[in-house]
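This briefing concerns the protein chain displayed below. Please keep the sequence and the three-dimensional view at hand while reading.

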Amino acid sequence: MGGCRICTNAPSVTHLLFADDSFLFFKATSNEALTIKCVLNTYKSWSGQPVNYQKSAIFFSYNVRMDKQQEIKQVLEVSNDIGDSKYLGLPSLIGRLKKLVFKYLKEKVIQRIKGWSTKLMSRAGKLVLLKNVVPLIPAYAMSCFLLPKTLGQEIQSIMNAFWLRSLDDFCVNSIITSDLAKQSKAREFFKENRREWDVEKVNLHFSSEDAATIVNTRILQGCTSDMISWVHTSNGQYTVKSTYFQWSKSQSTGEGTSISVGLKRLWRLPIPHKIRVFLWRLCRNTISVRNRLREKGVPVTISCPMCVGEVEHLRHIFFECSFSKECWQLVGMNFEAHDMEYVSEWLVSFLASGPLHDLVTMPAVLWGIWYARNKCVFDNKTMSPGIVKS
Ligand SMILES: [Zn+2]
């Protein structure tokens, strides 16, 4: 019997016996196939246990010719191939294209996520699903096989997309924006017959952030046609090197790092989950205060609902408003509002460097203020600043 070696000097393996499955290895010749058949028949007559050839499957290495394969199949009376079949829920054959073999895991994740109705789910609920359900899908396969790194990254990006918005929205949205970007020519956003930005038109078609960047872009007077240009090289041609250079520069100046330190600390704070998620949204600047809604084109009044007078923006509602000032006073904390140009940035750096004691109280107060504000807006109820104490 030939058996099977995994490399030149390794011992030759002729059989592997699992609980109730057996693997037999032999050379692809009719002679060896006949010997196997003979052995199995002897086994049957001695033990009274016949082999079910219909349920058995066979695998040939790639250099065995088709006619040879048919011949051996006929001798053994086995017709099934071990191809894409699964054994105990895992792929039974893993070749070099691991990514292809384990693609089914990625599809399972997508299916599972699509099944969740995201509109009815709170952010904390979404997070629990993402953290506790999705990782279980590849866990079983991971306990047996080393999965390709890229697969993990792909699953991660599917999870990110779900976290940011529902999967469908995400795809549609990014396609639309990229299409818009491709199709629109700068000239279409000029004032008629002039080389000057039509600010209203730009605002209409782009998010406030992008629009600001666009209108601040200087228009060259002599240039006639549009072209795509990469900002980090002098000739405008894209290179991976320039991207890497830019990235490592941002790393060394600490731009990326203090953000990640702050956010890492945020997820470890001993505070309720909903408050953690709320704080994360504050850091990410995605809390829907009125001036933000206005920027997005939602027709709402812009004044603060708590003091009815000032414009409601992040810094106002959480730090400058008379209501929030009273809240901070009650817990004995005091923040200089004029220190913070952007609340989200200030918050991230505070999270990174603030004392732990403050990091438990402050989120609770911020959340209390937002809770009272929402009660006022949506339920028309007035809360006292004492809410932050409870
Ligand atoms: Zn106010």
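The cover over the buried residues of helix H4 (103–115) includes strand E5 (86–87), strand E6 (90–91), helix H3 (98–101), helix H5 (123–132), helix H6 (136–144) and helix H7 (149–164). Contact here means heavy atoms within 4.5 Å, and helices (H or I, at least four residues) and strands (E, at least two) are DSSP runs numbered from the N terminus. This is a predicted model, in which local features need pLDDT of at least 70 and side-chain atom pairs count only at pLDDT 80 or more, while totals for chains, interfaces and linings use all residues. Residues are numbered from 1 along each chain as its sequence is written, and side-chain values use heavy atoms, with hydrogens and water left out.

**Helix H4**
- The residues that are buried in H4 are Tyr104, Leu105, Val109 and Ile113; buried means under 20% relative accessible area, exposed over 50%, and partly exposed in between (1.4 Å probe, protein chains only).
- H4 has 13 residues and reaches 19 Å from its first C-alpha to its last, close to the 18 Å expected at 1.5 Å a residue; the expected span is 1.5 Å times one less than the number of residues.

**Helix H16**
- Phe323, Ser324, Cys327 and Trp328 are buried in H16 (residues 322–330).
- These residues lie on the same side of H16 because they cover an arc of only 135° around the axis, the arc being that of the directions from the helix axis to the C-beta atoms.
- Exposed Lys325 and Gln329 sit on the face of H16 turned away from its buried side.
- Helix H15 (314–320) and helix H18 (356–378) are among the elements covering the buried residues of H16.
- Gly332, which follows H16, has a positive phi near 75°.

**Salt bridges**
- The structure holds 8 salt bridges, each defined as a side-chain nitrogen of Lys or Arg within 4 Å of a carboxyl oxygen of Asp or Glu.
- One of them joins Arg65 to Asp67, with the closest N and O atoms 3.2 Å apart; Arg65 is exposed at 56% relative accessibility, and Asp67 is partly exposed at 47%.
- Another joins the side chains of Lys375 and Asp379 (3.0 Å, N to O); Lys375 is buried, with a relative accessible area of 17%, whereas Asp379 is partly exposed at 41%.

**Whole chain**
- The protein chain contains 18 helices and 6 strands.
- Of its 390 residues, 29% are buried.
- Among contacts with a separation of 6 or more, 50% are between residues 24 or more positions apart.
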